[in-house]
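Here is a friendly walk through one model, from its salt bridges to its rings and its backbone. Have the coordinates open and follow along.

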Amino acid sequence: MLEITSTPMILVAILGTVGVALPILSIARGERGSNSFYAVIAFAALAASIAYVGYQFVTGDIAPSAVFSDDVLGDDAFGGFFAIAMLIVALFTTVGSFNYMRKRNSPAVYYSLILLATIGMVLVAYSTDLVMLFVAWELMSIPTYVLAGFLKKNPSSNEAALKYFLFGALSSAIIVYGISLAYGLTGSTNIGEVVRGFAALDASLMPLALLSVGLFIAGFGFKMGLVPFHQWLPDTYEGAPSPVVALLAAATKKAGFAAAIRVVVLGMVALNLDWTLALGIIAVMTMTVGNVAAIMQKNISRMLAYSSIGHAGYILIGLAVSPHTPLGLQGSLYQILNHAVMKGAAFIAIAGIVTTLAVTNIDKLAGLGRKMPVTALGLVLSLFALAGIPPLSGFWSKLVLFGGALDAGSALWWAPWLAIAGVLNSALSLAYYGWLTRKMYFEGEREKRIAEPKSIMAVMIFASVFLVGFGIYPEPLIQFVEFAAPVMP
């Protein structure tokens with residue numbers, strides 16, 4: 001039986017209670033309910049959730065990563081790791097929305113949708129049953145469809161929401177089909193039992209098992225932004241409200257990877273399949289397409305959208321080699337945590353720029369380093385961390401990730417080439433990160449400083465301290481990742 005004192009249930013209680021209460025409070029307070037009132041309540045709920053999960057890690061009151069559980073929800077370090085990463089991004093989104101939503105309608109509904117989407121993401125991370133995973137997946141997706149189209153009078157926002165919804169519905173249908181095949185073959189929806197059932201399948205049924213795993217890869221690949229399931233992503237990121245894009249790029253993608261690790265990678269091991277080469281090819285395609293396309297963009301949101309696609313390819317390197325080296329999953333998890341902060345901060349910086357200057361074209365960001373110095377510095381540090389420049393935290397996660405590919409070279413002759421592709425793509429990403437930095441700091445004349453939103457500055461300061469601090473002293477994060485990484489069966 002699922003215990004109500006388990007971590008996922010407590011997080012659901014905190015976030016769900018506040019998420020449901022906000023619209024009710026809005027009705028009760030009427031016009032007296034200000035944006036700041038609802039933002040502070042949502043912030044408090046997210047902060048309390050992070051504090052609760054973090055306290056468990058600090059005190060050691062959390063089980064090691066078991067991945068499999070007899071219940072529908074696990075309560076282990078793996079789920080807690082992803083919960084912290086996604087809660088941090090949700091907190092960024094809430095803080096970054098403070099100024100963005102100041103003069104807009106329905107703030108209570110907006111923050112409620114963020115909390116409800118966060119519940120879905122957290123439950124995806126803890127899910128150890130395919131039906132529970134699908135329910136959590138939809139609970140995550142449906143609020144984000146609404147958030148993407150929250151600016152209902154904006155045609156770009158409507159287009160973003162429509163494309164996101166159509167691809168999301170297709171993704172959900174594919175996942176359901178994969179679940180139905182898995183249940184038909186094994187008689188269970190528990191992920192552990194499905195994996196064990198796949199391992200004991202008769203050879204004549206193996207093609208159906210292969211189809212099931214392939215459907216999961218396609219379904220989860222939508223949220224992860226893997227090539228060729230990435231077509232929706234640039235348009236959605238460009239049209240959706242800027243703070244919401246931080247949630248989509250830095251949090252829902254992580255939920256996709258959490259599901260993929262539990263289902264796809266471990267299922268691949270159980271089937272004793274050599275899918276590593278296929279995942280490696282997808283990783284190289286994804287990072288290359290993302291980085292090459294990013295160079296050609298003039299809109300900063302689209303540029304970072306393609307950059308986000310490229311980073312999905314980096315993370316997939318670790319999953320591709322995970323059956324042959326423990327550094328594979330450790331590198332992926334390390335990059336996932338760093339990416340949550342780096343990409344989340346980058347899109348919150350864009351939200352601050354849009355709120356203050358109402359521009360998204362890169363050419364119009366000339367002199368931003370003098371006009372908005374704190375926002376610009378936070379954005380540049382995030383971009384350089386994404387590129388893996390030392391001494392920022394992103395350098396260490398890429399080092400572990402590419403080191404895992406090299407370590408798997410004894411079992412996979414092509415694995416070192418993944419590391420080479422990753423290094424080359426990281427160097428390629430400096431082309432557009434450097435171009436943006438040049439625009440902000442070396443172009444524009446006599447630019448005067450303007451008032452920056454304090455909420456945006458708070459996110460930038462936190463992200464900068466995180467990226468520089470854990471870049472100089474990465475040991476705590478490395479130990480955190482080693483504890484959270486599941487052991488391959």
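E452 is buried, with a relative accessibility of 9%; here buried means under 20% relative accessible area, exposed over 50%, and partly exposed in between, with a 1.4 Å probe and protein chains only. Its salt-bridge partner is R449, and the closest N and O atoms of the two are 3.4 Å apart. R449, by contrast, is exposed at 54% relative accessible area. A salt bridge is a side-chain nitrogen of Lys or Arg within 4 Å of a carboxyl oxygen of Asp or Glu.

Before going further, a word on the ground rules: this is a predicted model, in which local features need pLDDT of at least 70 and side-chain atom pairs count only at pLDDT 80 or more, while totals for chains, interfaces and linings use all residues. Residues are numbered from 1 along each chain as its sequence is written, and side-chain values use heavy atoms, with hydrogens and water left out.

**Salt bridges**

How many salt bridges does the structure hold? There are seven, and three of them are set out below.

| Salt bridge | Closest N and O atoms | Relative accessibility |
|---|---|---|
| K163 and E159 | 2.9 Å | K163 26%, E159 41% |
| R302 and E238 | 2.9 Å | R302 17%, E238 37% |
| E452 and R449 | 3.4 Å | E452 9%, R449 54% |

The bridge between R302 and E238 links distant parts of the chain: R302 is in helix α12 (residues 300-321) and E238 in helix α9 (residues 232-239), 64 residues apart. Helices are DSSP runs (H or I, at least four residues), numbered from the N terminus. Shared partners join E159, K163, D235, E238 and R302 into one salt-bridge network.

**A surface patch**

Helix α6 (residues 155-186) also holds L162. Together with F165, L166 and F167, L162 forms a nonpolar patch on the surface, with about 380 Å² of accessible area in total. Such patches are made of residues with over 30% relative accessible area and no salt bridge; like charges are joined within 9 Å, and nonpolar side chains (Val, Leu, Ile, Met, Phe, Trp, Tyr) within 5 Å. The areas come from the Shrake-Rupley method with a 1.4 Å probe, and for residues only the protein chains shown count as cover.

**Aromatic pairs**

The count of aromatic pairs comes to 20. One of them joins F81 and F480, a tilted pair at 5.1 Å centre to centre with 50 degrees between the planes. Rings of Phe, Tyr and Trp (its six-membered ring) pair if their centres lie within 6.5 Å; planes under 30 degrees apart count as stacked, over 60 as edge-to-face and the rest as tilted. F81 lies in helix α3 (residues 77-100) and F480 in helix α19 (residues 475-484), so this pair ties together parts that are 399 residues apart in sequence. F81 is buried at 0% relative accessible area, and F480 is buried as well, at 16%. For F395 and W396, the ring centres are 5.1 Å apart and the planes stand at 75 degrees, so that pair is edge-to-face. F395 is partly exposed at 24%, and W396 is partly exposed at 27%. Ring pairs also link F57, F78, F81, F82, F480 and F483 into a cluster.

**The nonpolar core**

In soluble globular proteins, nonpolar side chains tend to be buried together. The largest nonpolar core here has 170 residues, among which F82, F220 and L333 touch the most other members. Such a core is a set of buried Ala, Val, Leu, Ile, Met, Phe, Trp, Tyr and Cys residues joined through side-chain atoms within 4.5 Å. Helix α3 supplies the largest share of this core, 16 residues. Apart from residues up to four places away in sequence, L333 touches F78, F81, F82, I261, V481, A484, A485 and P486; contact means heavy atoms within 4.5 Å.

**Backbone details**

Most residues other than glycine have a negative phi, and most peptide bonds are trans. A358 is not a glycine, yet has a positive phi of about 60 degrees. A358 sits in the loop between α13 and α14 (368-371) and is exposed at 64% relative accessibility. P390 and P391 are joined by a cis peptide bond, with omega about 5 degrees. The loop that holds P391 runs between α15 (373-387) and α16 (393-407).

Notes. Helices (H or I, at least four residues) and strands (E, at least two) are DSSP runs, numbered from the N terminus.
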